[in-house]
Amino acid sequence: MKRTIFAVLGVAAFAQSAIAAEVVIAARTELAMDPHAQWLDTNTAYYNHIYGSLVRIDEKSSIVADLAESWKAISETEWIFNLRKNATFHDGSSFEARDVVASFNRVRSLKTATSPFTGAIATVKEIKDLDPYTISITTTRPDPVLLHAIANIQIVPSEKEAATTASFNASESVIGTGPYKFVSYKAGDQLVLERNAK
């Protein structure tokens, strides 16, 4: 198998001029394009560029905002997340609470997952949308590492809840909110992304 090449095309601005740049990164492992199919560090490293999650873990292992702009625990087993109102998917559609609920449901129901993300949300009893920009997560017990766990759950449009892994691997369903947009993917060869200007 050839090396998987991860190519990111972007634009970097310096002073008042812009310089086009291309970054090529080689990897030794094959990528699964379905963000809920294989919970492996090598895959999540790519997903963080394409998709968004409620929160992220930064380089200091701190929890930072991503698609959720704020959150709080209102009891030992219930959290409220206030979502960003200005986020959009790469296809131009709006990001809303229903997309989060659908993504968590997809993680639980994806039968073709070879290394499922269900372990990340093992304590999640219920997730529901309270309004288009507010969700609640109820856990089965107090979970002090819940935020670190859900940082692994990438959010896809609700319309993709029933999408198959084959659909993602065929590039038909790869739509995220991340800093880079999907351009093309050839298994065993290369993944090409471009900077998301929004």
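# Reading a predicted chain, term by term

Analyst: This chain averages a pLDDT of 88, and 89% of its residues score at least 70; pLDDT is the predictor's confidence in each residue, from 0 to 100. Over residues 1-17 the pLDDT is below 50. Beyond near neighbours in sequence, that stretch still has 55 contacts in the model, where contact means heavy atoms within 4.5 Å. Where pLDDT is low, the predicted coordinates should not be read in detail. This is a predicted model, in which local features need pLDDT of at least 70 and side-chain atom pairs count only at pLDDT 80 or more, while totals for chains, interfaces and linings use all residues. Residues are numbered from 1 along each chain as its sequence is written, and side-chain values use heavy atoms, with hydrogens and water left out.

User: How many helices and strands does the secondary structure come to?

Analyst: There are four helices and ten strands. In sequence order the pattern reads β-β-α-β-β-β-β-α-β-β-α-α-β-β.

User: Why is Pro35 called buried?

Analyst: Buried means under 20% relative accessible area, exposed means over 50%, and partly exposed lies in between (1.4 Å probe, protein chains only). Pro35 has a relative accessible area of 0%, so the residue counts as buried. Its place is the loop between β2 and α1. Leaving aside neighbours within four places in sequence, its contacts include Tyr47, Phe117 and Phe168. Across the chain, buried residues make up 45% of the 198 residues.

User: And what makes His36 buried or exposed?

Analyst: His36 has a relative accessible area of 1%, so this residue is buried. His36 also belongs to the loop between β2 and α1.

User: What joins the side chains of His36 and Arg106?

Analyst: A polar contact of 2.9 Å joins them. The term stands for a pair of N or O atoms within 3.5 Å; within protein, one must be able to donate a hydrogen and the other to accept it, and residues adjacent in sequence count only if both atoms are side-chain atoms. The side chain of His36 also reaches the backbone oxygen of Gln154, at 2.7 Å. Setting aside neighbours within four places in sequence, His36 is in contact with several residues, among them Ser103, Leu110 and Val156.

User: How do you know that Trp39 and Phe117 form a stacked pair?

Analyst: Rings of Phe, Tyr and Trp (its six-membered ring) pair if their centres lie within 6.5 Å; planes under 30 degrees apart count as stacked, over 60 as edge-to-face and the rest as tilted. By this rule there are four aromatic pairs. Trp39 and Phe117 are one of them, at 5.5 Å centre to centre with 20° between the planes, and the pair is stacked. It links distant parts of the chain, 78 residues apart: Trp39 is in the loop between β2 (17-27) and α1 (41-50), and Phe117 in the loop between α2 (97-109) and β7 (124-131). Phe117 is buried at 0% relative accessible area, whereas Trp39 is partly exposed at 31%.

User: Why is the pair of Trp79 and Phe81 called stacked?

Analyst: Their ring centres are 6.3 Å apart and their planes stand at 25°, so this pair is stacked. Both Trp79 and Phe81 are buried.

User: In which sense do β5 and β6 pair?

Analyst: β5 (residues 68-73) and β6 (residues 78-83) pair in the antiparallel sense over five bridges. DSSP must find at least two bridges between two strands for them to pair. With four residues between them, β5 and β6 form a hairpin, and Asn82 in β6 is the bridge partner of Ser70. β6 is also joined to β8 (residues 134-139) by five bridges, again antiparallel. There, Trp79 stands opposite Ile137 in β8.

User: Which are the buried residues of α1, and what puts them on the same side?

Analyst: They are Asn43, Thr44, Tyr46, Tyr47 and Ile50. Their arc around the axis covers only 160°, which puts them on the same side of α1. The arc is that of the directions from the helix axis to the C-beta atoms. An α-helix has 3.6 residues a turn, so residues three or four places apart point the same way.

How values were computed:
Helix = DSSP H or I, 4+ residues; strand = E, 2+ residues; numbered from the N terminus.
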